[in-house]
Amino acid sequence: IGSLFPLRIAVLLFAVIVLYKTYVTRERVSILQTVDTRANKFRNITVYCVVAMMVTGLITIYWAHNKGLVMVDLVTWFTSFITVAMCLFYLKTHDDVLFASRVYVVNYLVIGGIGIYESFTGDYFKLAYDFYTRQKNFFGLYMPASTMFNINNFAMFMVMSLPICFIATQKLKGKSALDLLFF
């Protein structure tokens, strides 16, 4: 179990909790349901996106050079979206969402800081493909991968994290300046 990514361990624990509540305590576990119509639409869109991405990933296996790597990526996608379901399950109040987004921002800043360090020094944490360590981008800086192995994955993580960062700055003084800084 130590060789699994922490995200996959969290997903396994979440599955055990849901199964326990469903079959042992006989509770009705509603992960993707709510009485709020707007939240229901958001949850439904999330589920549709997960299904579309998984189906697209399964279809692309046909053209993949290494089918094993595609399966690893599909497992990563799946566990990532199960994490979204975990958030929908556990984060019930606005304060819960604010707290979780602020914890996420701390991770975002650490991962981004690693990327900035790699850009200027070229000192990678053995979490990048080898050919990135020998090339520079058009700014003359090394191409950061941070903890993502791939520069494109790192860039998408940083961009897709922005909405969570913007949520985290709610009720803070200087929200506009912080949002601009995150951007």
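Modeller: Two residues are in contact when heavy atoms of theirs lie within 4.5 Å. The model before us is predicted. Let us begin with Ser-161: leaving aside neighbours within four places in sequence, Ser-161 is in contact with Tyr-104 and Tyr-108.

Biologist: Where is the place of Ser-161 in the chain? Is Ser-161 buried or exposed?

Modeller: Ser-161 belongs to the loop between α5 (151–160) and α6 (162–168). Buried means under 20% relative accessible area. Ser-161 has a relative accessible area of 0%, so this residue is buried. The side chain of Ser-161 also has a polar atom 2.7 Å from the backbone oxygen of Phe-157.

Biologist: How many helices and strands are there in the protein chain?

Modeller: The protein chain has seven helices and zero strands. Along the sequence, the pattern reads α-α-α-α-α-α-α. Of the 183 residues, 26% count as buried. Among contacts between residues at least 6 apart in sequence, 47% join residues at least 24 apart.

Biologist: By what is a pair of aromatic rings described? How many aromatic pairs does the count come to?

Modeller: One describes such a pair by the distance of the ring centres and the angle of the planes. Here the count comes to five aromatic pairs. One of them is formed by Tyr-62 and Trp-63, which are edge-to-face, at 5.2 Å centre to centre and with 90° between the planes. Tyr-62 is exposed, as is Trp-63.

Biologist: Why is the pair of Tyr-108 and Phe-182 edge-to-face?

Modeller: Planes over 60 degrees apart count as edge-to-face. The planes of Tyr-108 and Phe-182 stand at 80°, with the ring centres 6.0 Å apart, and therefore the pair is edge-to-face. This pair links distant parts of the chain, since Tyr-108 is in helix α4 (residues 94–121) and Phe-182 in helix α7 (residues 175–182), 74 residues apart. Tyr-108 counts as buried at 5% relative accessibility, and Phe-182 counts as buried at 11%. Ring pairs link Tyr-104, Tyr-108, Phe-157 and Phe-182 into a cluster.

Biologist: Which residues form a nonpolar patch on the surface?

Modeller: Val-51, Val-55, Ile-59, Tyr-62 and Trp-63 form this patch, and together they have about 600 Å² of accessible area. Val-51 lies in helix α2 (residues 37–60). With a relative accessible area of 47%, Val-51 is partly exposed. As for the protein chain, the accessible surface comes to about 12,900 Å², of which 70% belongs to carbon and sulfur atoms.

Biologist: How many salt bridges does the count come to?

Modeller: A salt bridge requires a side-chain nitrogen of Lys or Arg within 4 Å of a carboxyl oxygen of Asp or Glu. The count comes to two salt bridges. In one of them, the side chains of Asp-95 and Lys-171 meet at 3.9 Å, N to O. This pair links distant parts of the chain: Asp-95 is in helix α4 and Lys-171 in the loop between α6 and α7, 76 residues apart. Lys-171 has 65% relative accessibility, so it counts as exposed.

Biologist: With which residue does Lys-175 form a salt bridge?

Modeller: The partner of Lys-175 is Asp-179, and the closest N and O atoms are 2.9 Å apart. Because they are four residues apart in helix α7, Lys-175 and Asp-179 are separated by about one helical turn. Lys-175 is partly exposed, with a relative accessible area of 30%, whereas Asp-179 is buried, with 15%.

How values were computed:
Residues are numbered from 1 along each chain as its sequence is written. Side-chain values use heavy atoms; hydrogens and water are left out. Helices (H or I, at least four residues) and strands (E, at least two) are DSSP runs, numbered from the N terminus. Buried means under 20% relative accessible area, exposed over 50%, partly exposed in between (1.4 Å probe, protein chains only). A polar contact is a pair of N or O atoms within 3.5 Å; within protein, one must be able to donate a hydrogen and the other to accept it, and residues adjacent in sequence count only if both atoms are side-chain atoms. Patches are made of residues with over 30% relative accessible area and no salt bridge: like charges are joined within 9 Å, nonpolar side chains (Val, Leu, Ile, Met, Phe, Trp, Tyr) within 5 Å. Accessible areas come from the Shrake-Rupley method with a 1.4 Å probe; for residues, only the protein chains shown count as cover. Rings of Phe, Tyr and Trp (its six-membered ring) pair if their centres lie within 6.5 Å; planes under 30 degrees apart count as stacked, over 60 as edge-to-face and the rest as tilted.
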